[in-house]
2 protein chains.
Amino acid sequence: MQRIKSNKLRKNKKTYKQNGTITSAWALQKPIFASKGNLSSLLSNEHLEKLKSTKHRCKLFSSLEMQALARIEASLLRGARKYFDANDFTEIVVPHLTRATGACENIATMFTVDHFKENCYLAQTGQLYLEVLTPFLKKVWCIGPSFRAEPSVDERHLTEFTLIELEFDGSLAKLMQHIENVIDSMVQEVLRTRQEDIELLGTDKQRINVLPPFKKVTYTEAVQKLSSYGVKWGDDLKSVHEKILVEIYGNQPLFITHYPKAIKFFNMKTNEHNPNIVNSADLILPFSGEAVGAAEREYQYEPLLKRLEESNMLKQLIENGGSIHDFDWYLEFYKLHEGTPHAGCGIGLNRVTQYVLGSNDIRASTVFPMNKQTLM
Amino acid sequence: MQRIKSNKLRKNKKTYKQNGTITSAWALQKPIFASKGNLSSLLSNEHLEKLKSTKHRCKLFSSLEMQALARIEASLLRGARKYFDANDFTEIVVPHLTRATGACENIATMFTVDHFKENCYLAQTGQLYLEVLTPFLKKVWCIGPSFRAEPSVDERHLTEFTLIELEFDGSLAKLMQHIENVIDSMVQEVLRTRQEDIELLGTDKQRINVLPPFKKVTYTEAVQKLSSYGVKWGDDLKSVHEKILVEIYGNQPLFITHYPKAIKFFNMKTNEHNPNIVNSADLILPFSGEAVGAAEREYQYEPLLKRLEESNMLKQLIENGGSIHDFDWYLEFYKLHEGTPHAGCGIGLNRVTQYVLGSNDIRASTVFPMNKQTLM
């Protein structure tokens, strides 16, 4: 078995280098993952194939597969909420019409809205809005659409998807526990209540019944593992690299921690021992890749201002005709209050669904998969 | 007591007529409602007054009042979800970037988004998206932001607010039961879990502890009650009229049923005995006014097409440069499937909060109250 896996990996690596594009290696993920577990259902799961179709999506609603998908999506949401309710997190309704403070990183992927003859943005994250409540409410969460003006029509991109976010007064270690427990609560809710539905869709129950703690690897270790794929320290990891890592670490959820500061969101907390890395963690899931982005946050005015001023995001914002004044309310808050240590994350619902279903296509894991072509 | 109430009413009526504007009568609501219950807390509730401020909202987050509001908002959401979970409703994630199929009624209040160099809208309702799943999943619900390009900056308008919607395979009578039970579940969750918070904010527990069934009056009866205010059959009821009715019927939640077809959403089901009215119900709450819009739906292709073609909404859409093709997917669905009897509603979270807190200002009942001026 070990030998088969490493053969597959070598094949993947070779093809990746030959073609020189990520897409070709991406296409190879299917046989890589099929090498483990429920072969027949992964190679020819016509139930999941059916759910990929976005042309006349309404025609699919009468299918048993779509109904099963809808119930699974709902049970994943219920599982997440059960964890928040049981652990005293307060739900916050955050704004979705925002200034650049609703951006994740890339201003270019923000939708602009005609807001009474001026432009505003559609939020990609409620993070900063949760952050300013964390000193007082201690544990908060929110759920809602995250919008991305992403023109790609493919198996990885949606223009809106559901993001579950939490923020609390704790450290990265505790944050990873919360994430593990939320994902576990989501998966266990599906396993407990949607047995028929996951059987219909060919889900291997054993594959997703992975109890916390999840495996963890630092970014630096990950880059070493990927050195033969041309990945160098400081590079962002592409989805194909994440998939290779997941394969190396046993096809299970995998945290990659402590990314380079330069490639991450401006307010991720600088590591106390190494100023080039941040106290962050991405959770990579089999099939879907990065499903959770998480970090401790800076909480003092001076470092926050400095990091924001140096950030790529601000550069982009200014090129886009905006300015740092979008962040006035946020900066004023940290000027006014001392701020307290806190950390948080965003969990992409549809990528968790993809992992649960074992699907290579996010459209097969989403009841209304919205992209440039599917607007309805 | 009865005499005091009717005196207050007469005073209200008189002032309304003297000034001839709705605003002036609206301003009278405070004394009207203060005539019942916890007088001191209603007349000078500095806790609620504080929460109305939207300038530098972040400065309020450290206040105990804001923290209490956030926890109350969260518990209302939890109460609603408990009802849906306990009654086998499946949660659906509906799109928020939509064509005109995301409109409530008034195309002019839709925000437009630059959707890859073409315009799309921000959804006001997920109703039609829920409807096409109802024949298969039977009981569905959704929650999310409802967007209104409403330039008014006042105590009644927000540019985005949380809408809780349900749709199921039943009748208006059963629908009103669901609504009563959802509201009751929300209120009971607050009473059960947020006792300290509602005490801090001066909420009269007895006032909101109204057990179902709620009072019901037909639109036609309501218009008779309002005839001395110049209201004629066929007129839409304004918020001031709703408040007067609530007062007449004992300052409790009040359903107004069977509105004229001409002033309601195109797919509300025509009454089987009277073709001029629809099987609809609006729930009016003390303090906030219309908090729920509900109706049985047309579910057959021919009447749906005819009603849509005759609708004000389509007229507006065409004036706006749009066309009936926005509804293609929806009409095709009903052409393809027979359709089944169903009904549903939208519950405005923040208006329920307003009722619970006894506040005349929606901004005091919303953690992030978004309007033209409060964008952050």
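This predicted model holds eleven cavities of 30 Å³ or more. A cavity here is a set of points on a 1 Å grid over the protein atoms alone, where a 1.4 Å probe fits but cannot get out. Grid points are joined across faces, edges and corners, and a volume is the space filled by probe spheres set on the points.

**The largest cavity**

- The largest cavity has a volume of about 350 Å³.
- Its lining, meaning residues with an atom within 4 Å of a point, counts 30 residues.
- Nearest the centre of the largest cavity lie I143(A), G144(A), I143(B), G144(B) and P145(B).
- Strand 5 of chain A gives the largest share of this lining, four residues; helices (H or I, at least four residues) and strands (E, at least two) are DSSP runs numbered from the N terminus.
- By class, the lining has 17 nonpolar, eight polar and five charged residues. Ala, Val, Leu, Ile, Met, Phe, Trp, Tyr, Cys and Pro count as nonpolar, Asp, Glu, Lys and Arg as charged, and the others, Gly among them, as polar.

**Where the chains touch**

- Contact (heavy atoms within 4.5 Å) links 61 residues of chain A with 61 residues of chain B.
- Chain A and chain B bury about 5,300 Å² between them, 71% of it on carbon and sulfur atoms; this is the accessible area (1.4 Å probe) that two parts lose on being put together, summed over both.
- On the chain A side, F116(A), L375(A) and M376(A) lose the most area to chain B, together 14% of what that side buries.
- Two salt bridges are counted between the chains, each a side-chain nitrogen of Lys or Arg within 4 Å of a carboxyl oxygen of Asp or Glu.
- R81(A) and E91(B) meet in a salt bridge, at 2.4 Å from N to O.
- Helix 6 (residues 64-86) of chain A gives the most to the side that touches chain B, with nine residues.

**Backbone details**

- Most residues other than glycine have a negative phi, and most peptide bonds are trans.
- The peptide bond from P212(A) to P213(A) is cis, with omega near 0°, and P213(A) is in the loop between helix 11 (205-208) and strand 7 (215-218) of chain A.
- In chain B, a cis peptide bond joins P212(B) and P213(B).
- N251(A) has a positive phi, near 55°.

**Reading the numbers**

- Residues are numbered from 1 along each chain as its sequence is written, and chains are lettered from A in the order in which they are written.
- Local features need pLDDT of at least 70, and side-chain atom pairs count only at pLDDT 80 or more, while totals for chains, interfaces and linings use all residues; side-chain values use heavy atoms, leaving out hydrogens and water.

Key
On a 1 Å grid over the protein atoms alone, a cavity is a set of points where a 1.4 Å probe fits but cannot get out, and a pocket is an open set with protein on both sides within 12 Å along at least five of seven lines; lining residues have an atom within 4 Å of a point.
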